[in-house]
Amino acid sequence: MYRAGTFISGESFVHRLDARLKLAAVVSLSVFIIWAKPLTILFMGGCLFCAVLSAKITLRTLGQAIKPLLFFIVLIFLAHALFSRNDGSFPGISASGMREGFVVTWRFLLLITAALLLTMTTMPAQIIAALKYFLRPLKHLRVPVDDIVVMIMLALRMMPFLLWQKDKIEKAQLARAYDWRRSSLKRRVGAFLSLIIALLLGLFRRADELALAMEARNYARGERSSFVVLKMKPADYRTAFVFAVMLLIFMALNYYLR
Amino acid sequence: MISLNNVHYRYEPEGIAALRGVSLEIKDGEYVALIGPNGCGKTTLIRHLNALLLPDKGSVEINGLDTKIAKHHTEIRSCVGMVFQNPDNQIIGMTVEEDVAFGPENLRLPAAKIKKRVAESLQRAGINDLATRNIENLSGGEKRLVAIAGVLAMNPRYIALDEPTAFLDPAAAARVLETMDNLHRAGVGIIHVTHKMEQAALAERVVVLNKGAVYLDATAAKVFAETKLLQQINLRLPQITQMLLKLKKSGLPVRTDIFDPDEAADYIGQLIKKK
Ligand SMILES: Nc1ncnc2c1ncn2[C@@H]1O[C@H](COP(=O)(O)OP(=O)(O)O)[C@@H](O)[C@H]1O
Ligand SMILES: [Mg+2]
């Protein structure tokens, strides 16, 4: 079973790029996506789309990964379409509201796609190593970079467990729905709280055991090494150059477009 | 050599004692099964073997290094690997490779050396084909083998495994046991915590724990011959042995020191042919 958004092994050009380059590109692209004018990001969408295709990611896989977020996407769109107050008709559908809704939704989609392009074509260990590389200068400021990176690793690792737990809460609530409608508010709150507490206890117990397992494998706070070797190849430098040029073109475009 | 000397331990100051005076020696390369009723202290005992728990009284020494001395811990934990009961609580990486590299990374080995260790460990655990797979997409049996590989990456002399076949289907369990057997043949000492008698019979030596103390400690054949003592603490013999005992009770002159179905089949086949 493929879990949406996780690494898909492949041999494409994008797969082979240095993880640092991809991480830097996604971060700078994200800033630009948030900041640029609507017409510019329409163009950028096209370029991002080409990148997705060159990574040999099918639209179907991309769709699968975006699907869980569909609810938010629709919500964001509706919120802007209905409650945009430009022409005073509030709330209601207006041309400017619709336009704003489209733009915001488009920005959001591009952000997700950029992030997915990174996570689908880069092994988690490589992303972590790239992150560590960029955070390394902070060591001079006594920031515990190695510890932060391990914490991020653990958070990623716990994510599926949290989602699974969330599912469990929802199912349990569904199973209780019949009783809930009949019982008093106080009892409803009580039942809900006891459920949350049980789940939190499960999480803590798990975290406890994980900490012990880490200790058993000689984990100690502070400096660690990494089995990932990041190396910029000629193709990486070429791509970095092309990317920088494209970013400049986008900026120029953004300046001249309305 | 692992040596426990009159080890006492309780989790809470006023709580009941989880271990009460355990003395035990395990030699290099030995294959020991640790069995006993639920809550008898098996997990507590093996967690003393790599200084995850420290005795309240008595001492644990690994190759002469006392676990109470903190500066020995890195060496002790590299020497005795620990496979936890639930692999989901042990696996830290998102991919197999990444997880197996976790231990050597903590030892700050250089990248090339870690890669070599990861490849070797995956090979020894028989899962080279899983190297780049996502942990979330693995079966329960595969996760156990990943947990074992992660421990092997530290190059341990001993591995303690806490019920490594719990919740596995028979085929997956057999694969884990086979891996353990291969490691034993390669000279790694195995401490196998289990409540399945059939599996305990695979070990060279069986230690029975009861209420935090060593109850029996001998070869599988000798331990299983103590039917009365085992019954007293509600431990059941392997089914095939139970059957042979019943045959003997009904007056047939059969051996009762057989714990393995294949061996029993051979034996009974020969008996029938002789007639
Ligand atoms: N974290 C803990 N806190 C308090 N008591 C514990 C803890 N873990 C185990 N115990 C108690 O210690 C005893 C031995 O437990 P354990 O070693 O887990 O037994 P086993 O693995 O043989 O089933 C049991 O009585 C158990 O209730
Ligand atoms: Mg246990």
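Visitor: What makes strand β1 (residues 2-10) of chain B and β2(B) a pair, and in which sense do they run, parallel or antiparallel?

Guide: Happy to start there. Two strands pair if DSSP finds at least two bridges between them; β1(B) and β2(B) have seven bridges, in the antiparallel sense, so they count as a pair. B:H8, for example, stands opposite B:R20 in β2(B), and the two strands form a hairpin with six residues between them. Strands here are DSSP runs of E with at least two residues, and helices are runs of H or I with at least four, numbered from the N terminus.

Visitor: And what should I know about the model itself?

Guide: This is a predicted model, where local features need pLDDT of at least 70 and side-chain atom pairs count only at pLDDT 80 or more, while totals for chains, interfaces and linings use all residues. Residues are numbered from 1 along each chain as its sequence is written, chains are lettered from A and ligands numbered from 1 in the order in which they are written, and side-chain values use heavy atoms, leaving out hydrogens and water.

Visitor: Which strands form the open sheet with β1 and β2 of chain B, and in what order?

Guide: The order is β2-β1-β4-β5, with antiparallel pairing. β2 (17-26) and β5 (65-66) of chain B stand at the edges because each has a single partner strand, leaving one side without a neighbour in the sheet. Inside the sheet, β1(B) joins β4(B) through five bridges, with B:N5 partnered by B:S59. Two bridges join β4(B), residues 57-62, to β5(B), and B:I62 stands opposite B:L65 there.

Visitor: How do you know whether B:I35 is buried or exposed?

Guide: Buried means under 20% relative accessible area, exposed over 50%, and partly exposed in between (1.4 Å probe, protein chains only). B:I35 has 1%, so it is buried. B:I35 lies in strand β3 (residues 31-35) of chain B, and five of the five residues of β3(B) are buried, so the strand is largely enclosed by the rest of the structure. B:Y31, B:A33 and B:I35 point one way, B:V32 and B:L34 the other.

Visitor: What makes B:D99 and A:R217 a salt bridge?

Guide: The term asks for a side-chain nitrogen of Lys or Arg within 4 Å of a carboxyl oxygen of Asp or Glu. Here the closest N and O atoms are 2.9 Å apart, so the pair qualifies. The contact crosses between chains, from helix α3 (residues 96-106) of chain B to the loop between α9 (185-216) and α10 (234-256) of chain A. B:D99 is buried at 0%, and A:R217 is buried at 2%.

Visitor: How many salt bridges are found over all chains?

Guide: The search finds 21. Among them, A:D236 and A:K233 meet at 3.3 Å; A:D236 is buried at 1%, whereas A:K233 is partly exposed at 36%. B:D257 and B:R255 meet at 3.0 Å.
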